[in-house]
Amino acid sequence: MAHQNISFRGHYDNGRLVLVKPIEMDGNFRALLKMRIQAGDENLNKLITLFAKNAQYTSKTIQNEILQCSSDLVCKEVLQRVKQSKFYFLLCDETTDSASKEQLVLVL
């Protein structure tokens, strides 16, 4: 999802994953899980339908952990490439957001 520059979570990411009726405010993570089940992923379907409510691993806390793990992997890959490069470039940009808070972006 990061590659496509789309959000991971939506407005409603708590509770059981509902497979029969769509919840419009579900995030992309939960929508992708539903799509996989509809495409015939039996293991995922069993996880969602048979396991206890607290063992589905679809909560916003788990999603944040998945995001953190993904972020760590990307950072390691970038650092490895930088270390192997002869040259690299650092781009900085600063802006003020709608809450009058300054935001600094660093791109390596």
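Begin by selecting Gln63 together with the residues around it: leaving aside neighbours within four places in sequence, Gln63 is in contact (heavy atoms within 4.5 Å) with Phe8, Arg9, Asp13, Phe29, Arg30 and Thr58. This is a predicted model, in which local features need pLDDT of at least 70 and side-chain atom pairs count only at pLDDT 80 or more, whereas totals for chains, interfaces and linings use all residues. Residues are numbered from 1 along each chain as its sequence is written, and side-chain values use heavy atoms, with hydrogens and water left out.

Gln63 belongs to helix α3, residues 60–84; helices (H or I, at least four residues) and strands (E, at least two) are DSSP runs, numbered from the N terminus. Is Gln63 buried or exposed? Gln63 is buried, because its relative accessible area is 0%; buried means under 20% relative accessible area, exposed over 50%, and partly exposed in between (1.4 Å probe, protein chains only). Now display the polar atoms of its side chain: one of them lies 3.0 Å from the backbone oxygen of Thr58. Such a polar contact is a pair of N or O atoms within 3.5 Å; within protein, one must be able to donate a hydrogen and the other to accept it, and residues adjacent in sequence count only if both atoms are side-chain atoms.

Next, select Phe8, Leu17, Phe29, Leu33, Ile37, Leu44 and Ile48, the seven residues of the largest nonpolar core. A nonpolar core is a set of buried Ala, Val, Leu, Ile, Met, Phe, Trp, Tyr and Cys residues joined through side-chain atoms within 4.5 Å. Colour α1 (28–38) and α2 (42–50), the elements that give two or more residues to this core. The largest share, three residues, comes from α1. Centre the view on Leu33: apart from neighbours within four places in sequence, Leu33 is in contact with Leu17, Leu44 and Thr58.

Move to Thr49, which is placed in helix α2. Its relative accessible area is 41%, so Thr49 counts as partly exposed. A polar atom of the Thr49 side chain lies 2.6 Å from the backbone oxygen of Asn45. Then draw a C-alpha to C-alpha distance from Thr49 to Leu17: the two residues are 32 apart in sequence and 8.6 Å apart in space.

Continue to Ala55, in the loop between α2 and α3. Ala55 has a relative accessible area of 17% and is therefore buried. From Ala55 to Arg16 the C-alpha to C-alpha distance is 10.0 Å, across 39 residues of sequence.

The strands are the next stop. Select β1 (residues 91–96) and β2 (residues 102–107), which run antiparallel and are joined by six bridges; two strands pair if DSSP finds at least two bridges between them. Within the pair, Glu94 stands opposite Leu104 and Thr95 stands opposite Gln103. How many of the six residues of β2 are buried? The number is zero, so β2 lies largely in the open.

Between the strands of this hairpin are five residues, among them Ser100. The phi of Ser100 is near 60°, a positive value in a residue other than glycine. For comparison, most residues other than glycine have a negative phi. Ser100 is exposed, because its relative accessible area is 63%.

Select the cysteines Cys69 and Cys92. At 49% relative accessibility, Cys69 counts as partly exposed, and Cys92 likewise counts as partly exposed, at 46%. A search of the whole structure finds zero disulfides, a disulfide being a pair of cysteine sulfur atoms within 2.5 Å.

The protein has three helices and two strands, in the order α-α-α-β-β along the sequence. Of its 108 residues, 16% count as buried. Show the surface: the protein exposes about 8900 Å², of which carbon and sulfur atoms supply 56%; accessible areas come from the Shrake-Rupley method with a 1.4 Å probe, and for residues only the protein chains shown count as cover. Among contacts between residues at least 6 apart in sequence, 34% join residues at least 24 apart.
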